[in-house]
Amino acid sequence: MLIHSLLHLFLFSEKNQLKMSQNPDKPHSSEEKLSGLEDGQVESLDNPDRSIRKRIQQSASGSHRDDTPKASPPRPVSIEELMETAKGVTNMALAHEIVVNGDFQIKPAELPEHSLEKKVRDIVHKAFWDCLEAQLKEDPPTYDHAIKLLGEIKENLLSFLLPGHTRLRSQITEVLDLDLIKQEAENGALDISKLVEFVIGMMGTLCAPARDEEIKKLKDINGIVPLFRAIFSVLDLMKMDMANFAVSSIRPKLMQQSAEYERKKFQEFLEKQPNSLDLVTSWLQEAADDLAKLRCEMLAPHCSDGATGGASALCSTAVQNHAYLKLLKWDHINRPFPETVLMDQTRFQEIQLELEQLLLTGTVLLVTFSAAGSALVDMPGFAEKIKTIVKVLLTGMHLPSFNLQESLATIGEKVCAEVNSCLSQHGFTPFSAERETGLKGQIQAVANPDNTICKLIDSRIEKFLENYLASSHQKSLPAIPGGLGPIQRELEEIAVKYVRLVNYNKMVFSPYYDAVLGKILTKEESQLVGKSEES
């Protein structure tokens, strides 16, 4: 379970690790000499070791479930192999994030307000800047720290230049000549304000337009020490801008190569840990069993006679698609995610939550239209008003503190008021008290897991997604099943996002799926043939 544990560990701290932290008021190497901390080091600051161990234990325990195929125990792993694998997981997950997440950006991490890390950082920073201020107030002033900061600023400015920026490179090198600056300091002729003015001007030349306001604010700061702090803060923002520009530039090329890269890295993990497909095997086995059972139910007389139906007629693609649909009903708390989709667990979970909310919205709409008759079906804007009401009142529906029954009662009140308002505006008779009570009762009944209408909408949503997966190579979306018209736009948006995720996963891991399913389907077919011969 090495890969599963490492991926869980990476994804758990992903929100912090994918944010390149350049602390806002911290210069780079000079302060590091005081603090012993590496500038730019990305740290996960809100993931206690206890939580990490808990998630890894959950992942490990999941591999010993009764339905998990048996495999030889993993061989011992050396520290060097563990570190190498962890590095590979990080690189693979980062490349995957850049490709899959079109909105991926590097952002500064913020330390928790009362955390130990923040307190230590603040103390170290204050000590450094107090030391700098004390040096500058000496008579004559001492410029040791200031010159070091100018050297770091020079390096930062040069790092922003492209090969063709010859003139700017010459200007920076000439004005920020540290040997000359040291000589001027020794002779009492150093005008540090003039150097800082040059730095600000050069930053304004090199920064993105979005940083013009920050550059302008630098010119209004009085005092060398506060100005140095602000300069480093803006330089850190400029570094992030450059990094994000680089990410957007490499994304098209990375997208072409990422699938092959991820597959290669996963193969390396698999060679070191042969049981890294245990959860995938279990997942695909369940999907095959589900389809075989469904096929037998459709062909009940033949299956009962022992004829070779059911699983023998299954194809690898159908089983894969059904397996991906099962991810939308996953128990994320009690069951570990299959290894090959683990990096996208958060995305699949988000889609799952969106579909659950959309299911309730679609059910409320269908109940409302059924109760109101044809009067409101084609009324412009009515469905959108109901969807807005439902969406607002179902916000946070997946939190433990959320009370679905109370929210549905409120939705019933709001929907009845909106229905009566629209009916009156268009010359129809508003609902009687009896009809209102009936509609409110139907809406509240949606909370029942066995609600017939809710199950009907759920099955049609699943059928639509299944059809879309089966025809994902086509440009057009499949037809929307009956009753889903009012939520068509939202469903199609989710479907596009979901199928894009599935297709990329297939592109990377289809060789592994084919190999696992080949064994599963061959085994089940041979068992069915054996039963047929016995009969």
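Is Trp283 buried or exposed? Trp283 is buried, with a relative accessible area of 1%. Buried means under 20% relative accessible area and exposed over 50%, with partly exposed in between (1.4 Å probe, protein chains only). The model is predicted: local features need pLDDT of at least 70, side-chain atom pairs count only at pLDDT 80 or more, and totals for chains, interfaces and linings use all residues. Residues are numbered from 1 along each chain as its sequence is written, and side-chain values use heavy atoms, without hydrogens and water.

Trp283 forms an aromatic pair with Tyr513. Rings of Phe, Tyr and Trp (its six-membered ring) pair if their centres lie within 6.5 Å; planes under 30 degrees apart count as stacked, over 60 as edge-to-face and the rest as tilted. Here the centres are 5.9 Å apart and the planes at 75°, an edge-to-face pair. The pair links helix H13 (residues 278–298) to helix H21, 230 residues apart. Helices are DSSP runs (H or I, at least four residues), numbered from the N terminus. Tyr513 is also buried, with a relative accessible area of 1%.

The largest nonpolar core has 87 residues. Such a core is a set of buried Ala, Val, Leu, Ile, Met, Phe, Trp, Tyr and Cys residues joined through side-chain atoms within 4.5 Å. Trp283 and Leu376 are among the residues that touch the most other members. The largest share, 16 residues, comes from helix H21 (residues 488–534). A second, separate core of 39 residues includes Leu150 and Phe232.

Technical notes:
Helix = DSSP H or I, 4+ residues; strand = E, 2+ residues; numbered from the N terminus.
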